Amino acid sequence: MLTIGAFAKACRLSPKALRLYDELDLLRPARVDPDTGYRYYAAAQLEQARLVAWLRRIGMPLARIREVCALTPDAAAGEVRAYWRRVEAETAQRRDLAAFLIDHLTTDGRREEAPVLELRYAAHSDTGRVRPQNQDTAYAGTRLLAVADGFGPGGGPVSRAAVEALKTLETQEIPSGEVLNLLQETLHGAGDAGDAGNAGESDSGTTLTALLWTDSRLALVHIGDSRAYLLRDGALFRITHDHTLVQSLIDEGRLTPEEVTSHPRRTFLLKALGTAAPDLRLQDAAPGDRYLLCSDGLSGVVPDARIRTALTTAATPEEAVHTLIGAANEAGGPDNVSCVVADVVRTAAP
């Protein structure tokens, strides 16, 4: 038997941590002296103690560590792999923001030489071929692009209220260094507006994906499973991350992208407007970029390869929008489908 001090030294956990893990029933001592209360540990417990220490060092919460420690080695390895994939997905947004801050602090003084850019855009929303009504909202203006996909009995009014709240930012000149904070504040208002338009339907809500033009950059706000894509130099990139159950299973390695279409809960949302913090980031724009915002009525039935072809071959945003909506309806149109397409172009000389 090892005293708590000797055991702590051997497994590199502090005595204070060992006492906490005892209280949490995570790592019980082998024996507690009934008279002195001293804790004693068996040498056979060292392996579990080291595992706990390693898992704490990668930031795993104690509740999940308890679950991992109860598994077989192979199953525990799978849980650690799944946990780390989720950590990487969740920290991607902070990585992008850090990159923006570095760029903002080191190159802001040279931005006067950047070309003056503007957006050419088109937006359309279609009921599809199955749903009796359209609960989507699609909007495109000189500075704001937005798609909101309402769900539940009051989904239509909620999606419209969310976009209307963001439209208040169109008339403001917002420095890129302040736009993310202002978007965050406005979204609180959007959530309140959505609740007001909900007509008492507690199971109603909306997704929201929007781009706000500021200082030749686009500020992205995203929550739910509507999407934003960027077509640049012929390559198509998805710049949003779905907040769905199936996407979380893909992130954790428990599901392949090919298995999503047959999953019984493929439309189950983990986040919607007002239920969690949205993703916020800044996206550098370049002449020739083409952006697509869409509801899952498009992305759920039209593969990315077909989307890329439509965006690449369409001469104008209007043509691209109608081609994409037509493709969704050709695939059965099982849901409302909304698209916003915008081109980044150089401003014409006065």
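Start by selecting Y41: it is buried, with a relative accessible area of 0% (buried means under 20% relative accessible area, exposed over 50%, partly exposed in between, using a 1.4 Å probe and protein chains only). Before you click on, know that this is a predicted model, where local features need pLDDT of at least 70, side-chain atom pairs count only at pLDDT 80 or more, and totals for chains, interfaces and linings use all residues. Residues are numbered from 1 along each chain as its sequence is written, and side-chain values use heavy atoms, with hydrogens and water left out.

The structure holds 1 aromatic pair, and you're looking at it: F7 and Y41 are stacked, 4.3 Å centre to centre with 10° between the planes. For the cut-offs, rings of Phe, Tyr and Trp (its six-membered ring) pair if their centres lie within 6.5 Å; planes under 30 degrees apart count as stacked, over 60 as edge-to-face and the rest as tilted. The pair links distant parts of the chain, with F7 in helix α1 and Y41 in strand β3, 34 residues apart. Helices (H or I, at least four residues) and strands (E, at least two) are DSSP runs, numbered from the N terminus.

Next, select residues 15-23, which make up helix α2. Which of its residues are buried? Colour A17, L18, Y21 and D22 to see them. Seen down the axis of α2, these buried residues fall within an arc of 140°, so they line one face of the helix; the arc is that of the directions from the helix axis to the C-beta atoms. Turn to the other side of α2 and you'll find K16 and E23 exposed. To see what covers the buried residues, show α1 (4-11), β3 (39-41), α3 (46-57) and α4 (62-69), which are among the covering elements.

Jump along to helix α11, residues 317-330. Its 14 residues should span 20 Å at 1.5 Å a residue, and its end C-alpha atoms are 20 Å apart, which agrees; the expected span is 1.5 Å times one less than the number of residues. Its buried residues, including P317, A320 and L324, pack against β4 (117-126), β13, α9, α10 (304-313) and β14 (337-346).

Now pick S295, in the loop between β13 (290-294) and α9 (296-299). Is S295 buried or exposed? At 0% relative accessibility, S295 counts as buried. Show the side chain of D136 as well: a polar contact of 3.0 Å joins it to the side chain of S295. A polar contact is a pair of N or O atoms within 3.5 Å; within protein, one must be able to donate a hydrogen and the other to accept it, and residues adjacent in sequence count only if both atoms are side-chain atoms. Look also at S338, whose backbone nitrogen lies 3.1 Å from a polar atom of the S295 side chain.

Last stop: V246, in helix α8 (residues 245-251). V246 is buried, with a relative accessible area of 5%. Leaving aside neighbours within four places in sequence, V246 is in contact (heavy atoms within 4.5 Å) with L255, V260, H263, R265 and R266. From there, click R265, which lies over the face of F268, at 4.3 Å from the ring centre. A charge sits over a ring if NZ of Lys or CZ of Arg is within 6 Å of the ring centre and within 35 degrees of the ring normal.
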